[in-house]
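Please open the model in your viewer and keep the selection panel at hand.

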Number of protein chains: 2
Amino acid sequence: MSPGAGPIPSGPMKWWGWGDPAKRNELGEDARGMLRDVLGPAESTEVPPIESVSLPSPRELPEALRSAVGADAIVTADAERLLRAGGKSYPDLVRARSGTFEVAPDAVVLPADSGQVAAVLDACARESVAVVPFGGGTSVVGGVDPYAGSHRAVIALDLTRMRDFTVDPVSLTARLGPGLRGPEAEALLSEHGMTLGHFPQSFEYATIGGFAATRSAGQASAGYGRFDDLVSAIEMVSPAGPLRTLETPHTAAGPALRELVVGSEGMLGVITVVSVRVRPAPRKTRYEGWIAEDFAAGAEIVRTLAQAGALPDVTRLSDPEETRISLAMSGTAGLKRSALDAYLRLRRRTGGCMLICGWEGEAEDLERRRSVSARILRSGGAVSLGAAPGKAWAHGRFEGPYLRDELISLGYLVETLETSHTWSRYEELYGAVHGALRSALESQGTPGIVMCHLSHAYRDGASLYYTFIAPSRPGGEIEHWRALKSAACEAIVATGGTITHHHAVGRDHAPYMPAEVGELGLDVLRALKERLDPAGIMNPGKLGL
Amino acid sequence: MSPGAGPIPSGPMKWWGWGDPAKRNELGEDARGMLRDVLGPAESTEVPPIESVSLPSPRELPEALRSAVGADAIVTADAERLLRAGGKSYPDLVRARSGTFEVAPDAVVLPADSGQVAAVLDACARESVAVVPFGGGTSVVGGVDPYAGSHRAVIALDLTRMRDFTVDPVSLTARLGPGLRGPEAEALLSEHGMTLGHFPQSFEYATIGGFAATRSAGQASAGYGRFDDLVSAIEMVSPAGPLRTLETPHTAAGPALRELVVGSEGMLGVITVVSVRVRPAPRKTRYEGWIAEDFAAGAEIVRTLAQAGALPDVTRLSDPEETRISLAMSGTAGLKRSALDAYLRLRRRTGGCMLICGWEGEAEDLERRRSVSARILRSGGAVSLGAAPGKAWAHGRFEGPYLRDELISLGYLVETLETSHTWSRYEELYGAVHGALRSALESQGTPGIVMCHLSHAYRDGASLYYTFIAPSRPGGEIEHWRALKSAACEAIVATGGTITHHHAVGRDHAPYMPAEVGELGLDVLRALKERLDPAGIMNPGKLGL
């Protein structure tokens, strides 16, 4: 287990927010002051006591379910239903704080193996019960919202008991159960000296099945590959039966069924086995901060790195606003704002953009790769800030969602969204989304912070990841959020960017699927679903189907 | 334009065999003698005069086709129908030499753009005419055989007029028409200092559309990526309408429709635009020969190279038989057999295996990468044979199919087939296919040569590429071929290897699709086809649908 700071949490997350119930990430007075300066007054909110939370009464479930998994594996306690009543998007967190859940699974069903999954799906298809496959519950796009659709009830099919693990040290592959959390998979692999290298911000709680179902990408995906690159074979149990792809490094036998299962977001069936490519765990890691003159200069550096095959394994360029705010808010970049300002004044620069670069591997090769990257960074006018900002980034790499809860408590709306485009159009996309969020904030009458970073760079383009913060509108949080989110999404699709680079579609991006894949593309997905899930029980209301 | 020896041919191929009608690749007397020694006598065959060739009479085509493309773009001359009557598999070549074609397209239709493609498909769907998309006609698996299926006629939809080309030098991408041949695309890219880096053996004649439709892999795919890795976006016109994926480096928006179009082998529609990732053309190339102690030792070296990220851009390991035969047959390895023998005797080795390694890129980086690879090669016990075998390989890299025609003329059956597996099972696969071919040759009562090379190595496995040669059975060539081919295919599926790593499925591998993707997998492909091609006009009889 390489990344992250403290011990890995193992229990369930807070029912009302992100992560370890024992942990919070309090904002300092400086940061609060800065937010007040920029955003004006905000009305703080409280988390209601769990006893006051209201869930819909559980509906009766068919007897057949009990014979599928045994009575012990069906849980109907409110505390358990509550934990699977949604994911961790801003709207999810707002609903939790309201104390009223309009939807919740009627039961949590915990299959032990793929045979039990098949039996559950069979019973549910016959009895018209919707099924939401549930891993870590970390979706930020409404991907696990427990909608029954037209069915008589809905269950959360919790896969955390399915944690098989076998490793093939010769082929550097591993067969993983869908219920393994990121840290669990890494711990098992590290016993063999290996790593998967997949570290999204949700790493501590998200599961292998969820990574596959959503086409996850991690902070080090430039080095290790996105999760879809890591999947060598996959098995899914659909209501129509099992589907599996061969354990072979590549095949040219027709359209890639693997790529239909990856990204299927629980709409076609339940992912039961994921075979992944693994690597020897890096013996050395080195994370650094650099500062680029401005966002365009920084992006040009990242493009050059990517096209030269010299991309650090972690490469993340913040725009001026994100650079400034993140330094001010949490000191995660390891430099005090005053120190940075002084440094930049010294060099007669302002509006600089922070670049976090990280290399992982064997010492000698790492140093060589770093020196190739450093040459390109310097040619592009970037200045090294040394190891401190890199270390601070690595220390705080999974902290963002904790911070979000703090911001919500302080009375702020905070949301992230992400897209990607080719290098020739990323600047247009950057401007369009920025402009759309700015004018939506204005027409909503709220001040706001809009910040962005470029990450997940490729030879042909990169992703853009936005964070926006505004004073929340008590009682109208969701409408407020929707106005801002829609403005950004519409700007993305108008510019030809993708509606999601790695958060998936879920409920929130469903309206934009026609722009993404076209009406015929959606029809093709519908045809797939009709074949694999003829009763339409799988994860209703997601993906726009 | 980097690779290959002489000028690039631009006209149609020989109607009866491979490549430039003005060119042949005659075998020397030494090589013929060696074949006689190993395989016994063979009965040479002749190519019949074109005047004596018999094609089925063309069926009447609906008037609507003429309004779709204009009368000029519909060709019914026998000489043109003949050129699209099949691909270039061994059975195709045997049928050509028989002088009798049982199937041929009723017309060759040449659309100018995607609008005309849509109009053709529309007319054909209404009038029940089957459509075989036709690019270079280089399929070796029966992928373009003009079957009408249950329809009243069949056309070859020749895409060679669709040769659009635009390049995005910032994003290093290019939008290519499906009708561009490999060398044409490379010539256009080289005007911008770029390369696609895709060089399969069929390179001189195969087209961009065909590369995408078949999931092609090239000789330098270790360095540049397989063709499916190179495709960033794709457009297809299906009978149900157009399908296009976004021009973005990556998306997490659901199942990957791009990966359904790539590999669709003309079964779902016609690929009309392929956006690809390109690279700066390498300024330097270096190809070398090495000799490994035996196949297992060589494979272990290639695995180490792949897993260390130190794979040469071209990496190809011949087994002892291929090493011996290819040296004897053509001297393509640039060393006389006697010289090699002397060399190996000197080092007390026998049964060595030739490894061709090629690096492409900038001088300094190339030398560094070469020295990393060389260290691993030497640690694995390989001995350098210097540049001569590498240069000879590069010189002859597209010559194999010419040689095949010579062998057929001399009276030999010659066929290739390919598969892949993980490193932990490749040796089992190698033995199983080898054994199956050996016993099939024995039960057929024919002596034979069975040889293999390992190429397209990955971190998790590699492909195996077999060539087998036997005296052909006059009048019973196809049955003889089928017995050998089936034995190999059955051994592959029994070992869990893929039925094709890069030749695609076509007609020949269709029976093995249930083993490859399962009955439900096939059903999913059928559902896709029913949605996109409800009249079932697209390329009947391929992919097992």
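Begin by selecting both chains of this predicted model: 68 residues of chain A are in contact with 68 residues of chain B, contact meaning that the C-beta atoms, placed from the backbone, lie within 7 Å. Residues are numbered from 1 along each chain as its sequence is written, and chains are lettered from A in the order in which they are written. Local features need pLDDT of at least 70 and side-chain atom pairs count only at pLDDT 80 or more, whereas totals for chains, interfaces and linings use all residues.

On the side of chain A that touches chain B, select helix 19 (513-532), which gives the most, with 13 residues; helices here are DSSP runs of H or I with at least four residues.

Next, in chain B, display helix 11 (residues 295-307) and helix 14 (residues 363-379), whose axes come within 9 Å and cross at roughly 145°, the axes being lines fitted to C-alpha atoms over the stretch in contact and the angle running from 0 to 180 degrees between N-to-C directions. Here Ile301(B), Thr304(B) and Leu305(B) of helix 11 meet Ser373(B), Ile376(B) and Leu377(B) of helix 14.

Finally, select Leu437(B), one of the residues with the most contacts inside the largest nonpolar core, which has 319 residues. Such a core is a set of buried Ala, Val, Leu, Ile, Met, Phe, Trp, Tyr and Cys residues joined through C-beta atoms within 7 Å, buried meaning 20 or more other C-beta atoms within 10 Å of a residue's own. Leaving aside neighbours within four places in sequence, Leu437(B) is in contact with Val450(B), Tyr466(B), Phe468(B), Leu484(B), Ala487(B) and Ala488(B).

Note on methods
A residue is buried if 20 or more other C-beta atoms lie within 10 Å of its own, exposed if 12 or fewer, and partly exposed in between; C-beta atoms are placed from the backbone. Two residues are in contact if their C-beta atoms, placed from the backbone, lie within 7 Å. Helices (H or I, at least four residues) and strands (E, at least two) are DSSP runs, numbered from the N terminus.
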